[in-house]
Structure formats: C-alpha cells, structure tokens
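User: Please take a close look at one part of this model, a single residue and its surroundings. After that, go on to the local backbone features and the helix packing.

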Amino acid sequence: MVTTITLNKVEKRFGALDVIRGIDLEIKPGAFTVFVGPSGCGKSTLLRMIAGLETISGGDLLIDGDRMNDVAASKRGIAMVFQSYALYPHMSVYKNLAFGLETAGYKREEIDRRVREAAATLQITDYLQRKPKALSGGQRQRVAIGRSIVRDPKIFLFDEPLSNLDAELRVQMRVEITKLHERLGNTMIYVTHDQVEAMTMADQIVVLKAGKVMQAGSPLELYNNPANQFVAGFIGSPKMNFVAVEAADGTAVTLNGVRIETGRQHASGKLTLGIRPEHIDIGDGPGQVIGEARVELVEHLGGSTVLHVLPPFQEETMTVMLSGQQPCRSGDRVALRIERKNCHLFDTEGRALLR
Amino acid sequence: MTAIRRNGAGYLFLSPWLIGFFCLTLGPALASLYLSFTRFDLLNAPEFIGAQNYVRMVTADPKFAASMKVTLIYVVFSVPLKLAFALAVAMVLNRGMRGLPVYRAIFYLPSLLGTSVAIAVLWRQLFAADGMVNGILAQFGIIGPSWISNPNYSIYTLVVLSVWQFGSPMIIFLAGLRQIPTDMYEAASLDGASPARQFWRITLPLLSPVIFFNLVIQVIEAFKAFTPAFVISGGSGGPINSTLFYTLYLYQEGFSYFRMGYASALAWVLVAIIAVFTAFSFLTTKYWVHYDD
C-alpha cells in the first residue's frame with residue numbers, strides 16, 4: 001500500500017515561462033514529504049502536476065514505477081486537499097464525503113460504512129447532515145480531509161491546507177494531520193510556504209526556489225547542513241545571520257581583522273559566514289568573540305529573548321536569540337560570541353562549503 | 001428647514017429621477033388602476049363602472065382567453081429554450097478562448113437589436129413563404145410553408161426570434177460560471193466525475209441563483225413581449241389570432257378601439273399574473289436554489 005513517486009527531469013512551461021525547471025526527486029514510500037519555498041517557487045504547480053491537474057511539459061512522473069504523465073487524475077490513486085477546501089456548498093457534509101464514492105459506483109451500504117468511518121476518525125459525525133457553510137474553518141478542513149480519506153487513495157496531496165485557519169487551529173490541525181499520517185502510513189505530500197509547518201511535520205523536506213530543488217532531506221539535515229545560502233536562510237526562525245568575511249589561511253576567515261576558526265575548507269577570496277541567531281551568545285563563555293555590538297531592539301518572548309544588534313563590521317543588524325529572560329536594554333553594548341561548530345560558510349555562488 | 005437646506009443640492013441632483021418616477025411611472029400607473037374601474041374612450045370623462053371590466057374579461061371576452069393562451073405558449077416555449085441556449089453558449093465561452101470579448105459582444109448584439117422594429121421586419125422576411133429559411137430548405141428538397149402566415153407555425157417563429165436574443169441571460173450566466181471556483185471541478189475530476197456529472201452535480205446547483213434570476217427576468221420579459229408580434233402580424237395578431245399576444249390585444253383595445261378603461265384592466269391583470277408567478281417562483285427557491293454565503 002505504500003507508494004513511491006519518482007520525478008525524472010520534470011518540467012513545466014506556461015508559454016515562454018519556465019515554472020518547473022528539471023526536477024529530479026524521489027518521494028520515499030510512506031514518507032510525509034513537504035514542498036516548501038517562497039511564493040512563486042512552483043511548489044503548488046509541482047503538486048498539481050503530480051495530481052494530474054496540470055500537464056507535464058517535459059520529463060517523467062512515475063508512481064510505483066509506472067509512467068503517469070498521460071494518466072487521468074482520477075486514475076492515479078491520488079486524493080487532494082485544497083487550500084480553499086473545495087467543498088461543494090450545496091451538499092451536506094455526508095454528501096460531500098460520499099460524492100467520490102458515488103461517482104466510483106460503490107454500493108450504498110459501502111458508501112455509508114466508509115463515510116461514517118472517516119467521520120468518526122475526524123470527529124465530524126455530529127455534522128454529517130450540515131451544509132459546509134454551517135461549519136467553522138477547522139470543521140471544514142476536517143471534512144476536506146475526510147473527503148480524501150474515504151476513497152482510500154494510495155497518495156494524499158495537501159495544497160497549503162492550513163493557511164486559512166487561525167494560528168491556534170493551525171497548530172492543532174498540524175498535529176492531527178501528522179497523527180493521521182502515522183495511523184494510515186500512506187505516502188503524503190504537503191505544500192506550504194511556512195517553514196515551521198515544514199520542520200514540524202516532515203519526514204523529508206524539499207526546498208524549492210524558482211522551479212528548482214534547492215535541497216531535499218530531513219528537517220534536521222536541512223537545519224544542520226544547508227546545502228546553500230538560500231536553504232540556510234529559509235529554514236530556521238529567526239533567520240540565519242549572514243556576514244561578509246575574507247578567507248584566511250587554513251580553515252579560518254577574517255572578519256573586521258578578527259581571525260575566526262570555522263573548521264571549513266575553502267579557497268581564497270570573499271566568503272559569507274552564516275550563523276544562526278540561537279548560536280550567538282553574549283558575555284563570557286566558550287567560543288570566540290567576533291566583535292562588540294550595540295543593542296538596537298529587544299524582544300522579550302518569555303522563554304527566550306531576541307536581540308537585534310548592530311555589529312561594528314556591517315551596516316545591517318544581526319539577530320541574536322538567547323534562552324530565558326535576559327536583562328538587556330536597547331543601547332547596551334554586548335560582546336558577540338560564536339563557536340566554530342555552529343559556523344556555516346558559503347562561497348560567492350551561495351554554495352555551502354563542507355567541513 | 002435646515003435639513004432641506006443642507007441636503008438641497010442632493011435633492012436637486014435627484015430631481016430628474018424623482019420627477020421621472022412620480023410623474024411618468026407611478027402617477028400613470030395609479031391612474032390606470034383607477035381607469036380600470038371605468039369606461040373611458042379618451043373623448044369623454046371616465047365613467048366609474050366598478051368591476052365590470054374585470055367581469056367582462058372572464059365572462060364575455062373570448063379574445064382575452066385566446067391572447068392569454070398565445071402569451072402562455074410563448075412564455076412556456078421561449079423562456080426555457082432561450083435560457084438553455086444562453087447557458088450552452090456561456091459554457092462554450094467560459095472555456096476560455098482568444099478574443100473572448102469580441103465573441104461576447106457579437107453574441108450580445110442580437111439582444112440590443114432584437115426588440116427593435118427593424119429586426120422584426122427582417123424576421124418577417126426570413127420566414128416569409130419566399131424567404132431565406134425556405135430558400136435554404138429548398139436546397140434540401142424541402143418545400144417549407146409560409147411560416148409567419150400559417151397559424152400553426154407563426155407563434156414559433158416568434159419563439160425562435162426570442163431565443164436568438166439570448167445575449168443578456170448569456171452574459172449573466174457567463175458571470176455566474178466564472179464565480180464557480182475551479183477547484184470544485186478539480187476536486188470532482190480527481191474523484192473521477194465525468195464532465196456531464198460535473199455539469200449536473202456542480203455547475204447547475206452552483207449556478208441556480210443565477211438561473212433563478214434569469215428565469216424570473218425572462219418570464220417577465222416574455223409576458224410583456226410586444227414589438228415582434230406587432231410588426232410580424234402588422235398589428236393584427238393574425239393569422240387567426242395566432243400571434244395575438246396579450247400585450248398586443250391590450251394595445252388594440254386601448255389604441256385601436258379606444259377602450260382605455262378595459263385596456264387598463266387588462267394591464268392590471270397582467271401585472272397580477274406576473275406578480276403571482278414571481279411570488280410562486282420565490283416560494284420554490286428553497287427546493288432548488290442553492291445560495292452559498
């Protein structure tokens with residue numbers, strides 16, 4: 001029942017516009033894969049190509065080894081949850097859930113059994129006779145998911161399904177979808193622009209930019225070893241700090257005359273040092289001081305404190321995230337301290353340099 | 001006083017409409033309601049006769065029933081055909097094509113011209129015994145009748161003329177179709193629903209408010225139809241009253257025989273019929289019109 005999806009040099013063109021530019025990707029069987037990227041990166045288009053709602057301009061889409069490029073959407077064994085939910089407003093919840101089964105010609109008893117089973121799973125049994133307009137956003141979302149479950153598909157696709165929900169409900173539904181995946185074990189692909197959703201839900205994250213895969217891997221792999229500056233900046237919140245540095249001899253760089261050991265091999269010339277806000281400390285401790293900065297703004301989050309500081313070596317502020325509550329005030333001067341193991345280094349093309 | 005001074009400019013700008021509405025619409029309408037209870041030949045003062053006009057209509061006027069029948073046939077045939085045709089064209093246009101605005105304008109054109117005298121004259125030529133329609137039929141060896149002078153067919157040429165003026169409901173259908181989110185169809189196609197099933201289960205129900213609107217408007221228009229019948233039959237409603245529309249009969253009574261009181265009564269009966277139909281239509285909406293709010 002677990003299904004592999006393989007993309008070989010898949011392309012999509014709308015007229016002269018290249019939206020998807022040669023994507024090679026293997027979606028692991030039973031994995032929860034998240035496509036993430038900024039708007040316009042092609043993530044929804046790629047999902048719709050897998051669903052069969054968009055034609056494929058070039059390359060091959062394989063599902064369990066079978067080429068699917070020209071197979072009708074309904075024959076691919078796929079169910080999809082839309083951002084807008086796409087519930088039929090004139091049908092009751094029951095009818096919405098039953099529509100696909102009726103279309104497929106299932107017997108009435110079988111339809112009833114499946115609808116009630118899905119409704120029980122998603123706790124929407126009480127609303128079966130209601131119309132979608134009488135439901136809250138979260139309930140509509142459940143119905144939309146229910147509509148995909150009843151058909152018992154091989155693959156579930158989700159197109160930004162939580163973006164219409166408020167923050168609290170989003171967290172709740174995130175957990176429910178993850179649990180659903182654990183229970184069903186199907187291959188699922190989920191599209192979002194929210195990297196927190198990607199990090200919390202995914203087995204495998206695929207970061208897209210301008211129709212190309214920037215990096216694919218597990219959430220922690222992307223966090224710890226971003227393949228390029230784009231992924232480094234996209235994954236993680238607050239965003240990674242980037243500082244222009246000069247290559248020095250060995251595995252060191254110089255920043256404003258200060259020699260910093262990064263532990264990474266590199267050529268000579270200009271480089272970019274990446275350091276996450278949570279990997280910068282202030283005051284005394286292990287690691288190396290890279291300069292003294294002026295605190296511009298302090299954000300007290302309770303569990304952590306975020307400082308926006310202006311270092312001596314650049315015009316833009318850097319972000320520092322400290323755990324716990326810190327007695328900092330804007331105007332304070334603090335020494336910024338980093339550790340070698342947390343340094344990322346990128347060449348002028350934005351490629352990460354390995355340790 | 002101050003309120004009028006403060007809003008004076010506003011009322012001034014409203015005045016053309018206010019004068020038009022009260023003097024040219026509401027005033028004459030109320031006057032005709034009074035006149036419907038009188039005998040009035042335009043030359044002598046109206047003479048109040050109670051409900052006699054209305055009684056005569058149902059007891060002693062075969063032309064009342066005949067004209068009502070003609071109008072009902074016209075309504076029953078022309079409205080569904082026109083709406084079906086308008087919807088079909090709208091669905092074709094909605095598929096997205098180059099030059100859509102041009103096609104939309106071309107298809108809308110007959111509606112602008114349709115109620116004009118010139119088009120009715122043209123129609124008369126098309127369906128005459130030696131007209132273009134029979135000319136085309138002759139190519140296939142069929143000798144067509146004189147469509148407009150044969151009482152069996154004449155009303156249907158007017159139905160066809162009405163269907164040809166599908167532009168206005170078509171534009172409204174097109175706007176309605178564009179309101180239906182494409183992801184409904186995408187969800188349905190993932191479910192394996194055929195285009196026909198999508199049409200019956202998604203398009204029609206979601207379009208039902210627009211269908212309802214078009215239905216009510218077109219039925220009212222059809223009850224009020226006058227110009228084409230007047231021109232094609234030369235104002236007689238012939239042959240043998242086969243195109244004697246209710247409004248045409250009303251016109252004859254008023255302006256040929258100067259029975260203004262009786263014509264007014266006929267007009268108010270038409271108003272009542274339209275009102276009853278409209279009210280009835282609204283009552284049925286809960287069974288077939290789906291409002292998505």
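Analyst: A:Arg337 counts as buried in this predicted model, because its relative accessibility is 5% and the cut-off for buried is under 20%. The residue belongs to strand E19 of chain A, which covers residues 333-338. Its side chain comes to 2.4 Å from the backbone oxygen of A:Pro286. A:Pro286 is also one of the residues in contact with A:Arg337 when neighbours within four places in sequence are left aside.

A:Ser237 and A:Pro238 are joined by a cis peptide bond, with omega at about -5°. A:Pro238 sits in the loop that runs between helix H8 (229-234) and strand E11 (241-247) of chain A.

Positive phi values come next. A:Asp64, which is not a glycine, has a positive phi of about 50°. A:Asp64 is placed in the loop between strand E4 (58-63) and strand E5 (66-67) of chain A. With a relative accessible area of 38%, A:Asp64 is partly exposed. A:Gln123, another residue other than glycine, has a positive phi near 55°. The loop that holds A:Gln123 lies between helix H3 (108-121) and helix H4 (137-149) of chain A. A:Gln123 counts as exposed because its relative accessibility is 58%, and the cut-off for exposed is over 50%.

The helix packing is in chain B. There, helix H8 (residues 167-179) and helix H10 (residues 195-224) pack at an angle of about 155°, and their axes are 10 Å apart. H8(B) is therefore roughly antiparallel to H10(B), since angles over 145 degrees count as such. The crossing of H8(B) past H10(B) is right-handed. On the H8(B) side, the residues that meet H10(B) are B:Ser168, B:Pro169, B:Ile172, B:Phe173, B:Gly176 and B:Leu177. On the H10(B) side they are B:Thr203, B:Leu207, B:Val210, B:Ile211, B:Phe213, B:Asn214 and B:Gln218. By residue class, this contact of H8(B) with H10(B) has eight nonpolar and five polar residues, and no charged ones.

Technical notes: Residues are numbered from 1 along each chain as its sequence is written. Chains are lettered from A and ligands numbered from 1 in the order in which they are written. This is a predicted model: local features need pLDDT of at least 70, side-chain atom pairs count only at pLDDT 80 or more; totals for chains, interfaces and linings use all residues. Side-chain values use heavy atoms; hydrogens and water are left out. Axes are lines fitted to C-alpha atoms, for helices over the stretch in contact, and angles run from 0 to 180 degrees between N-to-C directions. Helices (H or I, at least four residues) and strands (E, at least two) are DSSP runs, numbered from the N terminus. Angles under 35 degrees count as roughly parallel, over 145 as roughly antiparallel, 65 to 115 as roughly perpendicular and the rest as oblique. A crossing is left-handed if the near helix is turned anticlockwise from the far one by less than a right angle, and right-handed if clockwise. Contact means heavy atoms within 4.5 Å. Ala, Val, Leu, Ile, Met, Phe, Trp, Tyr, Cys and Pro count as nonpolar, Asp, Glu, Lys and Arg as charged, and the others, Gly among them, as polar. Buried means under 20% relative accessible area, exposed over 50%, partly exposed in between (1.4 Å probe, protein chains only). A polar contact is a pair of N or O atoms within 3.5 Å; within protein, one must be able to donate a hydrogen and the other to accept it, and residues adjacent in sequence count only if both atoms are side-chain atoms.
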